[in-house]
Amino acid sequence: GQFDLSDSILASQVKYGGVMMYNACMKYMEGTLEGGSIEVGLEDGSVGIKYNPLNEDKVPQEIKDQIAELEEKLLSGELTAPATEDEYNEFANTYLK
């Protein structure tokens, strides 16, 4: 997160490389690893959000709760992440008020 670089960094997207490698190694050991690209995301625990431990109190609990709710909706399939600018604009108008 490079949180020590600035007080204005409140949170960062996190990519858990260790989780990705572990999952790939387990698939290899199980004989199910296939060549090509592997998609990763919230559902396998390889990406997430990390709040700045030095400034986490600056993020209102209401915002943290909204982020957690959106993550749950993405994981359940109730919500699909936007893939185009139009989809993002619709998402932002609906959820980012």
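These entries record what I looked up about aromatic rings in a predicted model.

**Basis.** I worked on a predicted model, in which local features need pLDDT of at least 70 and side-chain atom pairs count only at pLDDT 80 or more, while totals for chains, interfaces and linings use all residues. Residues are numbered from 1 along each chain as its sequence is written, and side-chain values use heavy atoms, with hydrogens and water left out.

**Ring pairs.** I looked up the aromatic pairs and found 2. I took rings of Phe, Tyr and Trp (its six-membered ring) as paired if their centres lie within 6.5 Å, with planes under 30 degrees apart stacked, over 60 edge-to-face and the rest tilted.

**F91 and Y95.** For F91 and Y95 I noted centres 5.2 Å apart and planes at 40°, so this pair is tilted. They are 4 residues apart in helix α3, about one helical turn.

**Cluster and accessibility.** Ring pairs link Y88, F91 and Y95 into a cluster. I then checked relative accessible area (buried under 20%, exposed over 50%, partly exposed in between; 1.4 Å probe, protein chains only). F91 is buried at 16%, whereas Y88 is partly exposed at 42% and Y95 is partly exposed at 24%.

**Charge over a ring.** I found K64 over the face of Y51, 5.4 Å from the ring centre. The criterion is NZ of Lys or CZ of Arg within 6 Å of the ring centre and within 35 degrees of the ring normal.

How values were computed
Helices (H or I, at least four residues) and strands (E, at least two) are DSSP runs, numbered from the N terminus.
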